[in-house]
Amino acid sequence: MSRIATLLAHAGVGEDPHTGSISTPIYQTSTFAHPALGQSTGFDYSRTTNPTRLVLEHTLARLDGGVAGFAFASGLAALSTVLCLFDQGDHLIVAEGCYGGTYRLLDQIFQRFGLAVSYVPVTDPAAYSAALRPRTRAILVESVSNPCLWVPDLEALAALAERAGVVLLVDNTFLTPYWLRPLEWGADIVLHSASKFLAGHNDTIAGLVTVRDAALAERLGFLQNAVGAILGPQDAWLVLRGIKTLAVRLEQQQRNAFEIAGWLRTRPRVARVLYSGLPDDPGHPGLARVASGFGAVIAFEVDAVDTARRLIEQLQLIAYAESFGGVESLITVPALQTHANLSAEDRRRLGVTDTLLRLSVGIEDAVDLIADLEPVLA
Ligand SMILES: Cc1ncc(COP(=O)(O)O)c(C=O)c1O
């Protein structure tokens, strides 16, 4: 089997039997003519299956080592559909410090329909086991938590999930299959916001799910069609196109992230740098065991709210914008943006302070990025 950089570059190649097109054709159609009464080409209606989307789904399944992949209109559409696997009265254990939209979906929507949720500290395996209830059905973690970049012990959680007979669901948006393949470590379902590194150009919203076994694949296939939160063919093509350059983008983004994280540590106005690529970061040993890279998102705390404000106002190159993973560097104030829907108390407990900034490092020259940050942090 080819190595991952080759699989990535060849995403979709050789999958068009009609013309040999190297780039996957965009099947911009809602429906498909049937050859004869009671017959089908295998494609009936694009909510159910679309050839462009299917190539993306097969690509992700291959990259993640899963039996099937499913593409959705956004990362949250993917998560909403996965949560439809569970019934009223079921219980989920969720690692704290996850994406703010995940909290919002669980607390403000799915809990209304009777799904119970317990939040546990990301890095404490005993807390997950203590939270188990008779109706616990799943454990949900992010492979690197957002925005404080804590790292859960995937091997311990996979063992616990297996012992307890519950599903281990891993949101691998921060690392992508290039750095980490959670299904290989015992996860049952992997979720990606493809809006981030996979699409990679700050131009597309998409979500992907891959699964380890055929029974789950069948249930998710049913739900994808029944809920209908699917990815359109144009956006499926954009994600496929992004995936082709994932390896080179991630290598460059991570090189820049290492350089900037090390430099940030030397700045007098920076109180703390959180990046699991730094050898003394608490997340480093755990991630180094299961992943081949650390990603390109850095969180750092500055000395005062005023420093954060001045930095955001004075940056010329790095855009003050939500999201991460694209070729252009972005900076976020999680307390005001991605995690604004949490209570002030929850934000404090989770370390989402008003002086915490999240930097998504792009593929620019690190010298220019540092020059952009330098004037305020000196
Ligand atoms: C870790 C993580 N998971 C899921 C999502 C949701 O993805 P989307 O914005 O594509 O709906 C995000 C969005 O920022 C995220 O950061």
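Trainee: Which residue in β12 is the bridge partner of threonine 332?

Mentor: Strands pair through backbone hydrogen bonds, parallel or antiparallel. Here, the partner of threonine 332 is arginine 358 in β12. This is a predicted model: local features need pLDDT of at least 70, side-chain atom pairs count only at 80 or more, and totals for chains, interfaces and linings use all residues. Residues are numbered from 1 along each chain as its sequence is written.

Trainee: In which sense do β11 and β12 pair?

Mentor: Strands are DSSP runs of E, at least two residues, numbered from the N terminus. A pair needs at least two DSSP bridges. Strand β11 covers residues 330–332, and β12 covers 356–360. They pair in the antiparallel sense, over three bridges.

Trainee: What is the order of the strands in the open sheet of five?

Mentor: Read β8-β9-β12-β11-β10, with mixed pairing. The edge strands are β8 (270–274) and β10 (319–320). Each of these pairs on one side only.

Trainee: Which strands do bridges join to β7?

Mentor: Strand β1 (residues 68–72) is joined to β7 by five bridges, running antiparallel. Strand β6 (residues 189–193) also has five bridges to β7, again antiparallel. Look at valine 209 in β7. Phenylalanine 70 stands opposite valine 209, and leucine 191 has valine 209 as its bridge partner.

Trainee: Why is β7 largely enclosed?

Mentor: Buried means 20 or more other C-beta atoms, placed from the backbone, within 10 Å of a residue's own. Strand β7 (residues 207–211) has five of five residues buried, so the rest of the structure largely encloses it.

Trainee: Which way do the β7 residues point?

Mentor: In a regular strand, side chains alternate between the two faces of the sheet. From β7, Gly207, Val209 and Val211 point one way. Leu208 and Thr210 point the other way.

Key
Helix = DSSP H or I, 4+ residues; strand = E, 2+ residues; numbered from the N terminus. Buried ≥ 20, exposed ≤ 12 C-beta atoms within 10 Å, placed from the backbone.
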